Amino acid sequence: MQETLKTKLNYARFGQIAFVFSIGLAMYLFTTIPHNWWIFVTVIVMSAAIQPGLIVKKSINRGKGTLLAILLFLPLIYLLHLNYRFIPLVFILLGIAIALPNPRRYDLSVIFTTMMVFTMTAYAFTTPLLEGPFEMALNRSICTMIGIIIGIAGDYFLFGHIMDMATQRD
């Protein structure tokens, strides 16, 4: 009896990942949201959680980390305009912060990775950007929130019902 429940949960998890990936990929391919690849990246990262309940925890950490990174990045980018000599120092410090992963604090990893991506996008480009730092941060936060909603919805709709069935049997 336990083996069939475990098998059902494995199939449900596979179905959830396939469903969530499909929705994320469709949002990436068929929408015109600026920077819509962040939706798919968020969906992929959220689905990397092994147990279904961890998706909610990882989603909260990703959302919190993204918002904190945006709040830290916006003043930083305008301060770097005052003295461009600090740009290499910021790249080095962010690189060091990214290289020190902490599996218990996923939000810190998201903060430093997001700040590095924003800084590299702002300063390491070959063509002029069509948007400023505020628009870029707003687009990233919107896409991240859409990806989080897709991940949580997939977790709840599939595993909320299956976990209810499992608890009713016991």
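## Exercise 1: The overall fold

The protein has six helices and zero strands. Keep in mind that this is a predicted model.

**Task.** Describe the order of the elements along the sequence, and find what share of the residues is buried.

**Solution.** 
- Step 1: Turn to burial: of the 170 residues in the protein, 36% are buried.
- Step 2: Look at contacts between residues at least 6 apart in sequence; 72% of them join residues at least 24 apart.

## Exercise 2: A loop residue

**Task.** Locate histidine 35 and decide whether it is buried or exposed.

**Solution.** 
- Step 1: Histidine 35 sits in the loop between α1 (2–30) and α2 (37–47).
- Step 2: Its backbone deserves a look, as phi of histidine 35 is near 60°, a positive value in a residue other than glycine.
- Step 3: The relative accessibility of histidine 35 is 19%, so this residue counts as buried. The cut-off for buried is under 20%.

## Exercise 3: How α2 meets α3

**Task.** Work out how α2 and α3 are oriented, and which residues make their contact.

**Solution.** 
- Step 1: A pair of packed helices is described by the angle between the axes and the distance between them.
- Step 2: The axes of α2 and α3 cross at roughly 135° and come within 9 Å.
- Step 3: α2 is therefore oblique to α3.
- Step 4: On the α2 side, the contact is made by Trp38, Val41, Thr42, Val45 and Met46, and on the α3 side by Ile55, Lys58, Ser59 and Arg62.
- Step 5: Sorted by class, the contact of α2 with α3 has five nonpolar, two polar and two charged residues.

## Exercise 4: Two serines

**Solution.** 
- Step 6: Serine 141 and glycine 63 are 78 residues apart along the chain, and their C-alpha atoms are separated by 8.1 Å.

## Exercise 5: How α4 meets α5

**Task.** Describe the packing of α4 and α5, starting from the angle and the distance between their axes.

**Solution.** 
- Step 1: Helix α4 (residues 87–99) and helix α5 (residues 106–123) have axes 9 Å apart, at an angle of about 150°.
- Step 2: An angle over 145 degrees counts as roughly antiparallel, so α4 is roughly antiparallel to α5.
- Step 3: The crossing in which α4 passes α5 is left-handed.
- Step 4: From α4, Ile87, Val90, Phe91, Leu94, Gly95, Ala97 and Ile98 take part; they meet Phe112, Thr113, Met115, Met116, Thr119, Met120 and Tyr123 in α5.
- Step 5: Count by class, and the contact of α4 with α5 has eleven nonpolar, three polar and no charged residues.

## Exercise 6: α5 and its partner α3

**Task.** Describe the length of α5, then its packing against α3, and finish with isoleucine 111.

**Solution.** 
- Step 1: α5 has 18 residues and reaches 26 Å from its first C-alpha to its last, close to the 26 Å expected at 1.5 Å a residue.
- Step 2: The buried residues of α5 include Tyr106, Asp107, Val110 and Ile111.
- Step 3: α3 and α5 pack with their axes 7 Å apart, at an angle of about 40°, and are therefore oblique to each other.
- Step 4: Their crossing, that of α3 and α5, is right-handed.
- Step 5: The contact of α3 with α5 has 15 nonpolar, five polar and four charged residues.
- Step 6: Isoleucine 111, found in helix α5, is buried, with a relative accessible area of 8%.
- Step 7: Not counting residues up to four places away in sequence, isoleucine 111 touches Gly65, Leu68, Ala69 and Leu72.

Technical notes. Residues are numbered from 1 along each chain as its sequence is written. This is a predicted model: local features need pLDDT of at least 70, side-chain atom pairs count only at pLDDT 80 or more; totals for chains, interfaces and linings use all residues. Side-chain values use heavy atoms; hydrogens and water are left out. Axes are lines fitted to C-alpha atoms, for helices over the stretch in contact, and angles run from 0 to 180 degrees between N-to-C directions. Helices (H or I, at least four residues) and strands (E, at least two) are DSSP runs, numbered from the N terminus. Angles under 35 degrees count as roughly parallel, over 145 as roughly antiparallel, 65 to 115 as roughly perpendicular and the rest as oblique. A crossing is left-handed if the near helix is turned anticlockwise from the far one by less than a right angle, and right-handed if clockwise. Contact means heavy atoms within 4.5 Å. Ala, Val, Leu, Ile, Met, Phe, Trp, Tyr, Cys and Pro count as nonpolar, Asp, Glu, Lys and Arg as charged, and the others, Gly among them, as polar. The expected span of a helix is 1.5 Å times one less than its number of residues. Buried means under 20% relative accessible area, exposed over 50%, partly exposed in between (1.4 Å probe, protein chains only).
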